[in-house]
Amino acid sequence: MLGAAAENESGQAPSKRSAVKRAFAEDGANKTHVGGQALIEGVMMRGRYNWAAAVREPSGNIYIEEHDLASGKAKNKWLYWPVVRGCRAFVESLILGYKALEIAAMHAYGDEEEPGAKAEEVSANGAISKEGASVENASCVELADKHSRFCESLSEDKTEDSAREPMTESPVVLTGEKAADETSDFSWKNDFGNPDEAIDALGAQRSLDIVVETNTAESGVVEPNAVEPGAAALESDETRDGDDSGFGKREMAISMVLGLLLGVGLFIVAPAFIANVLVGEYDDKTLLWNVVDGIVRIVVFVFYIWLIGRMQDIKRMFSYHGAEHKTIHCYEHGLPLTPENARSFPRLHVRCGTAFLIMVMIIAIFVYTITPLNGLIAAWGVPDGPAKLALVIVARILLMPVIAGISYEITVKWAGSHPENPLVKVVLWPGMQMQRLTTNEPDDEMLECAIAAMQRVLEREEREEAARA
């Protein structure tokens, strides 16, 4: 196994193996339930009791925000049944992912000027200089002066308001916006665009349930590294909700709907249309039709990932994805969480969610093939052409929860708990290959973000374990 010195147990330098072989061979002994997700300039980690997002701000500081996770098993036990739990986990991951991406977008693209730095300076000749730029127009000088006085007045108002409110002695630790004991009903009209409301209605997942619990005594977890003053900023939910960021409930709902429509169009409608053109009517050659449809879907997915991976922002996000994997590798090997230790591990990981997405597409071929759709077509007398193709597409959309549930049982519950099984390596191989596209090598700053999020989750785990002891 690779350690901080990147040497194996015999003290020899590791052999040059492929990233996939390294990921299987160097899977740490301390399996963890903690999982994560890459964000815009950051990483989100989630455990049993909370999830935390760490985002690199333009100033270079790391912003950390954490929220509680409350199990809904007591209220909705049926959501934890086999197959059904896969659908629930998938929906929860989407909701938490959107919320984490919203946090990242708010802090990754903020004002790049240092706090307290002068925004403008007026030179002797009346020109305005701002980071080396100058403007000689007198009207601009007057406008800048008014803007400066206006900002000063706002600052004075904030100071007065702060003086009236007592300051807490320690930073505020963020929790979910809804208390665990609240039982208000979920409203599609009012709460669809609010991830916290949807999470509460579903009953947020406490654990990824990928593998057995980690033995904390053997994990070798050390105290979190010291962070420079101001490097980890915290803010209350009220402050964040009141921020005029332009990304509220309506925008969140629109983005979720558009993302859903894009996914349905790219990975269900387009492959079905292409299969219909290449093979003919669905009920004429059902098996061949489903195989072609599945192959086209996988090709479209791979090309889509490859294409967006050419974008600079997405390329950096894929590097944060690699940082997440390296950090989890480091923890599973019982090493102190430092960039130096994490850097030596492979960027691929056997328990990555990418394998789940690939498995969904493979399982879909089998589920669609055994579904007695031809009987419905014959019984209803569906004519050839657009009507029959539309029925096939609708059936595929309705079967997606079943496919997701089966894929979860295979890739997460079974394969994730038995990584040493040779058959597991065969099952996970396609997903491991996809990680070559969805992960890049991170730099130390990216590793620092992943470690900061991981440490916040581990701190909560340790506190909960201590309270139960």
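**Figure 1. Helix 11 and helix 14 pack against each other.** Start with helix 11 (residues 354-370) and helix 14 (residues 422-438), which pack at an angle of about 125 degrees with their axes 8 Å apart. Here an axis is a line fitted to C-alpha atoms, for helices over the stretch in contact, and angles run from 0 to 180 degrees between N-to-C directions. Helix 11 and helix 14 are therefore oblique to each other; angles under 35 degrees would count as roughly parallel, over 145 as roughly antiparallel and 65 to 115 as roughly perpendicular, with oblique for the rest. Helix 11 passes helix 14 in a right-handed crossing. A crossing is right-handed if the near helix is turned clockwise from the far one by less than a right angle, and left-handed if anticlockwise. On the helix 11 side, the contact is made by T354, A355, I358, M359 and I362, while helix 14 brings in V427, L428, P430, G431, M434, Q435 and T438. Contact means heavy atoms within 4.5 Å.

This is a predicted model: local features need pLDDT of at least 70, side-chain atom pairs count only at pLDDT 80 or more, and totals for chains, interfaces and linings use all residues. Residues are numbered from 1 along each chain as its sequence is written, and side-chain values use heavy atoms, with hydrogens and water left out.

**Figure 2. Helix 12 meets helix 13.** The axes of helix 12 (residues 373-380) and helix 13 come within 11 Å and cross at roughly 140 degrees. Helix 12 and helix 13 are therefore oblique to each other, and their crossing is right-handed. Look for L373, I377 and W380 in helix 12, which meet K388, L391, V392 and A395 in helix 13. Helix 13 (residues 386-414) also holds P401. At 41% relative accessibility, P401 counts as partly exposed; that label covers the range between buried (under 20% relative accessible area) and exposed (over 50%), using a 1.4 Å probe and protein chains only.

**Figure 3. Ring pairs link F267, F301 and Y304 into a cluster.** A search of the whole structure finds five aromatic pairs. Rings of Phe, Tyr and Trp (its six-membered ring) pair if their centres lie within 6.5 Å, and planes under 30 degrees apart count as stacked, over 60 as edge-to-face and the rest as tilted. One of the pairs is F267 and F301, edge-to-face at 5.8 Å centre to centre with 70 degrees between the planes. F267 lies in helix 7 (residues 249-279) and F301 in helix 8 (residues 286-308), so this pair ties together parts that are 34 residues apart in sequence. The rings of F267 and Y304 have centres 5.9 Å apart and planes at 85 degrees, so that pair is edge-to-face. Y304 sits in helix 8, so its pairing with F267 ties together parts 37 residues apart in sequence. F267 is buried, with a relative accessible area of 17%, and F301 is buried too. Y304 is partly exposed, at 28%.

**Figure 4. Two arginines lie over tyrosine rings.** The charged end of R88 sits over the ring of Y80, 3.9 Å from its centre. R396 lies over the face of Y368, at 4.0 Å from the ring centre. A charge sits over a ring if NZ of Lys or CZ of Arg is within 6 Å of the ring centre and within 35 degrees of the ring normal.

**Figure 5. The chain as a whole.** There are 15 helices and eight strands; helices (H or I, at least four residues) and strands (E, at least two) are DSSP runs, numbered from the N terminus. Buried residues make up 43% of the 469 residues.
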